[in-house]
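Work through the exercises below with the sequence and the structure open. Each task is followed by a solution in steps.

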There are 4 protein chains.
Amino acid sequence: MIKVGIVGGTGYTGVELLRLLVAHPNVEIVLITSRAESGRRVDDLFPSLRGHIDLSFSDPDNKVLGACDAVFFATPHNVAMRSVPALLAAGTRVIDLSADFRIRDVKLWEHWYGETHVCPELLSQAVYGLPERNREDIRTAQLLACPGCYPTAVQLGYMPLLAAGLIDPQSLIANAVSGVSGAGRQAKIDNLLAEASDSFKAYAVSGHRHLPEIEQGLSDIAGSEVSLTFVPHLAPMIRGIHATLYASLNEAGRAANLQSVFEDFYQDEPFVDVLPVGQYPQTRSVRGANTCQLGLTVPENKGTVVVTAVEDNLVKGAAGQAIQCMNLMFGQEESLGISQPGLLP
Amino acid sequence: MIKVGIVGGTGYTGVELLRLLVAHPNVEIVLITSRAESGRRVDDLFPSLRGHIDLSFSDPDNKVLGACDAVFFATPHNVAMRSVPALLAAGTRVIDLSADFRIRDVKLWEHWYGETHVCPELLSQAVYGLPERNREDIRTAQLLACPGCYPTAVQLGYMPLLAAGLIDPQSLIANAVSGVSGAGRQAKIDNLLAEASDSFKAYAVSGHRHLPEIEQGLSDIAGSEVSLTFVPHLAPMIRGIHATLYASLNEAGRAANLQSVFEDFYQDEPFVDVLPVGQYPQTRSVRGANTCQLGLTVPENKGTVVVTAVEDNLVKGAAGQAIQCMNLMFGQEESLGISQPGLLP
Amino acid sequence: MIKVGIVGGTGYTGVELLRLLVAHPNVEIVLITSRAESGRRVDDLFPSLRGHIDLSFSDPDNKVLGACDAVFFATPHNVAMRSVPALLAAGTRVIDLSADFRIRDVKLWEHWYGETHVCPELLSQAVYGLPERNREDIRTAQLLACPGCYPTAVQLGYMPLLAAGLIDPQSLIANAVSGVSGAGRQAKIDNLLAEASDSFKAYAVSGHRHLPEIEQGLSDIAGSEVSLTFVPHLAPMIRGIHATLYASLNEAGRAANLQSVFEDFYQDEPFVDVLPVGQYPQTRSVRGANTCQLGLTVPENKGTVVVTAVEDNLVKGAAGQAIQCMNLMFGQEESLGISQPGLLP
Amino acid sequence: MIKVGIVGGTGYTGVELLRLLVAHPNVEIVLITSRAESGRRVDDLFPSLRGHIDLSFSDPDNKVLGACDAVFFATPHNVAMRSVPALLAAGTRVIDLSADFRIRDVKLWEHWYGETHVCPELLSQAVYGLPERNREDIRTAQLLACPGCYPTAVQLGYMPLLAAGLIDPQSLIANAVSGVSGAGRQAKIDNLLAEASDSFKAYAVSGHRHLPEIEQGLSDIAGSEVSLTFVPHLAPMIRGIHATLYASLNEAGRAANLQSVFEDFYQDEPFVDVLPVGQYPQTRSVRGANTCQLGLTVPENKGTVVVTAVEDNLVKGAAGQAIQCMNLMFGQEESLGISQPGLLP
């Protein structure tokens, strides 16, 4: 059994980790921390877990955490980096779902997050947890930086095109849509049902914190710097990311059979699913599942390829992908505990 | 492995059976029938099942069905009864999720369903598939009639009170609310998102087909005839049943510790969960789960007890409960394949 | 022109007052107060009002308010009562949408609201603003207490039956459902879209503050004390109240033509609409409208009458009814500015 | 009074015309046709209109229609063109909300709509009803072709940029999102609440019928041919269009103050509202209103301008804009009957 601790278990990423881990055959959840809810039973806060977990939230304690095999950080940014050095020193492997270790360039990180990074020396050691890109490095990672929800969908959608050099890397436009759970379990008027329901809007149009992470990942894949216009939107739904990705095909791209490029690229991937020609995914098909589904076409043969990608922001975009990485890190079958189909309808 | 066939796999109950059965360790799905979609891949209709099932819909064929260990009918009423005699004769055990065998009084059935029953002689043989009431009979059932979604919630909510004789059985009022998936996967204007969203209404106020089934079940429990006013409503959500149950407490009821009555009654039940005093369930806590959660109180001590009960209409109200019964019928652990927690948020 | 001030304009009742009053031909909005948003343009907070209003929120100032013909309080309880004496002394007529003056029995008010009332001597002077009950008193009211949203629907639904003595006043059960805007524009986790969407629950089952107001109103109508079990629920929608009202018919009630009773009772009412036999209202039919629609039946002739009532909680349940009262108070046509049909779909 | 007839009054555009026209001070609705619902009271189909209209649907009859001053067609394509010649001959002015007269190139129309046009000679006579572009021509139009919902938002968003020559007309990408009412009041499984709710998807990615209409309009504005990639999406909401428009700025565009360009361009328009710098519109702000709200920025100064545009697809995208045109055609104040603010929340 892998002994697991979770720091910050009261958010949506936290409860999703719990939902998946309580059903994982080789995991034992040892502790879940929360300063605000310390002492409260987990299933009192999340009645969906009644009968599935017998723990209460506790204050974070690096000693107890350091006795775990793996610790998940399901916290806002600027939390994990304060504990990670101690945990690594204790031999615990860290799976950070926050942004603290996603960006290698510390200045860039500090610019976007407005904080001083407290352990920049660990940035180069962190492995970016996108298995479709870094599977082998993930197996041996001591410090794993899980990708953001938007970055996962955008990178998986562009990856086959950039890897094969079929598009102009300066022409990228990612129009992405998220359900409201992406904003976290925080009391904000903007995310009330009475505000966000039956409505649609763009937000952070002038710049979103996921942009540098996406550009770093896409540049790695392309082998050259990419330029991306990224506009996130909020849709009146609970879960789901839908990314509509645009790029100008170059000569090679216009000549290629793009459907085959995608199918070949992802043929061995357990959690990326290229839909047949003419089909486009909807977020509900992957609700609760660890799958990213992709569809693609070149409308009117005008030279602009359109890829649509969907995922559950809390699963493949967060907790599910983190467990996928954990499985790799601990020599488990990669899909263990995260292979259930989506909840449809 | 239990060899399973599904008749009528294109509705919401059908796809929910598939979602749960593909993950059941001891089940092999042999065939899924649909006249309308015959020849179409199941995962083409339901992309959430891509990678989980490799079958196409086929025309119903009693020979092939008769070679199964168990056949689920996820059909409208008036379908199962036409095949059941042949399947029983072939030694196949039938789990009928439709209404054909729920009501023992054939005249009552024919009154409410407006059809002539074609095998009324089997009605007395059918076992009503509410494990909390009929567990032992279910184990040996050849023909299992699964309860409707409303009847499950209403019976589980009233059962401890009626069994202990704590309420006036003539005073029952069940105010129930369903998500739209309860209306099935049928093209009806009333159930369009643009019609049903952001709205709430009662329907079938003057009489709903689940009423006689509920009254039969409650009368069995009470040991005397009950009288129920049952008003169903439609809420703008996908899944979920919420029943608010009212009854007049008799002298014994006023004296009893009702919370203890409920906790004791359900203490060994794996899928009925009595919430602590002062808590009331919400449907999302059991989304995708086979659990019925209950809460209760006596407002202002006025002598009227209020029980609130929630379930997922497609799980504990249909497919999950059917699999729970299948597990009992085939000597499996009762909760096998249906023990996952709800999807929250 | 009626010069109008609004205290507490940043909530949903406030913005709804603004939506209706900017289109009212005989109203001039003089000021809108908000301590929290003082100095901010109204249309910056509510972009739906851009081009319709050129005011900014200001701090409340009894001098400026006292120069208005009418002041609306769209505040939580415990605010209006602190300013009302001064405003009445200045000759300003007060229309209070909060709970401060709804309950005549000050002890009852203090019990439910947990505060000491600062001007109990005004309670007897306050007119309860339900035009269908108190139209003539409203015309001359100096201090108007607008009914709550639930109380409006419940009273309009029971009124014809109680007034005619057709039901047992001790047998009342009101099962009511509200959209989330009823909880106000406040940052609460429970009302986030990710929490409240796609779910349904009861709340305040053991006792809701609207109960004493409803019982007071129903007792007035009945001419004797009534006993009500009132259970409110939250539905995943923005606006709307749906009340399902149950009562035991007495002998006279069983003999009566209830449909005619309702149609006759409300035949001259501009904002109460009795649907034809066999029809039941849905909340979306009155979205944005000042109408209460009613449907009724006696299921299976069992002696329990079921009335269903819908209204928009922000219109007939709050701002619209307040303006209806204002029209009466200032000699305007009763429906002026509030006669638009609902927004459907 | 303008005597008005409506052909095809049973869809969402039809009921929205009715909602607005019953409150228009200078309009008399003479008849509403529907073959399917002939003889049924309008307010029986649409209970929101009870008390507002006293008509029943009738079979379409060109004689009666020809006696109207104006006839609105709220029909699918391929209906209006069969009656328009007769109505024009009778001196009736036609306001067609369908696609029959929107595209001047009959071959293009026939390619996209798969029908033979029955009166191509009228195409050049039809005036395209976008007041912000064609106000003067609309005043004298006998045959008015109302823009589609997507084309209205996309053209209003790009218009200031194209008119001033600030963007590369070959670089346009319009990522648009619609609420489900855009799919019409038709019984389709895909648009059931249980299918479309809590989900998001692209559709018609390879080509949507609004594309040629948009390209025709944008080319007119630009004075040269434009190339557009247009991807529509479905969001789980009732009403609303949100368009996110991308274009490469040319040298002039990079030098311009784009906010001023937009504000100047639309300063006299009653129904186009440019939000302040840094604000982006949400669809709910214009729910039920005839307003198009716009926001714009150049993310990270990368040379790609992003304009976001919202409208209510049934108002500024259909019925409201049609009435705006009617007002112009009949010498009314342009905003008469369509100036109410949006319904928020």
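**Exercise 1. A tyrosine in chain D**

Task: Find which residues D:Tyr266 touches, not counting residues up to four places away in sequence.

Solution. Step 1: D:Tyr266 touches D:Val272 and D:Val274; two residues are in contact if their C-beta atoms, placed from the backbone, lie within 7 Å.
Step 1: D:Tyr266 sits in the loop between helix H11 (258-265) and strand E11 (272-274) of chain D. Helices (H or I, at least four residues) and strands (E, at least two) are DSSP runs, numbered from the N terminus.
Step 2: D:Tyr266 counts as partly exposed because it has 19 C-beta neighbours inside 10 Å. A residue is buried if 20 or more other C-beta atoms lie within 10 Å of its own, exposed if 12 or fewer, and partly exposed in between, with C-beta atoms placed from the backbone.
Step 3: From D:Tyr266 to D:Arg40 there are 226 residues in sequence and 44 Å in space, C-alpha to C-alpha.

**Exercise 2. Model and confidence**

Task: State what kind of model this is and how chain A scores.

Solution. Step 1: This is a predicted model, in which local features need pLDDT of at least 70 and side-chain atom pairs count only at pLDDT 80 or more, while totals for chains, interfaces and linings use all residues. Residues are numbered from 1 along each chain as its sequence is written, and chains are lettered from A and ligands numbered from 1 in the order in which they are written.
Step 1: The average pLDDT of chain A is 97, and 100% of the residues score at least 70; pLDDT is the predictor's confidence in each residue, from 0 to 100.
Step 2: For the model, ipTM is 0.97 and pTM is 0.98.

**Exercise 3. An isoleucine in chain B**

Task: Decide whether B:Ile241 is buried or exposed.

Solution. Step 1: Locate B:Ile241 in strand E10 (residues 241-248) of chain B.
Step 1: B:Ile241 has 29 C-beta neighbours inside 10 Å and therefore counts as buried.
Step 2: Leaving aside neighbours within four places in sequence, the contacts of B:Ile241 include B:Cys149, B:Tyr150, B:Ala176 and B:Val310.
Step 3: B:Arg35 is 206 residues from B:Ile241 along the chain, and their C-alpha atoms are separated by 30 Å.

**Exercise 4. The nonpolar core**

Task: Which residues of the largest nonpolar core touch the most other members?

Solution. Step 1: A nonpolar core is a set of buried Ala, Val, Leu, Ile, Met, Phe, Trp, Tyr and Cys residues joined through C-beta atoms within 7 Å.
Step 1: The largest such core has 452 residues, and A:Phe72, B:Phe72, C:Phe72 and D:Phe72 touch the most other members.
Step 2: Beyond four places in sequence, A:Phe72 is in contact with residues including A:Val4, A:Leu17, A:Ile95 and A:Ala322.

**Exercise 5. Chains A and B**

Task: Describe the contact between chain A and chain B and how the two copies are related.

Solution. Step 1: The contact joins 27 residues of chain A to 26 residues of chain B. Helix H1 (residues 12-21) of chain A gives the most to the chain A side, with 3 residues.
Step 1: By class, that side of chain A has 14 nonpolar, 9 polar and 4 charged residues. Ala, Val, Leu, Ile, Met, Phe, Trp, Tyr, Cys and Pro count as nonpolar, Asp, Glu, Lys and Arg as charged, and the others, Gly among them, as polar.
Step 2: Chain A is superposed on chain B by a rotation of 180 degrees with 0.0 Å of shift along its axis (RMSD 0.0 Å). The two copies are thus related as by a two-fold rotation axis.

**Exercise 6. Backbone details**

Task: Where does A:Asn78 lie, and what is its phi?

Solution. Step 1: A:Asn78 lies in the loop between strand E3 (70-73) and helix H4 (80-89) of chain A.
Step 1: A:Asn78 is not a glycine, yet its phi is positive, about 80 degrees.
Step 2: A:Asn78 is partly exposed because 16 other C-beta atoms lie within 10 Å.

Conventions:
Least-squares fit on C-alpha atoms with pLDDT ≥ 70 in both.
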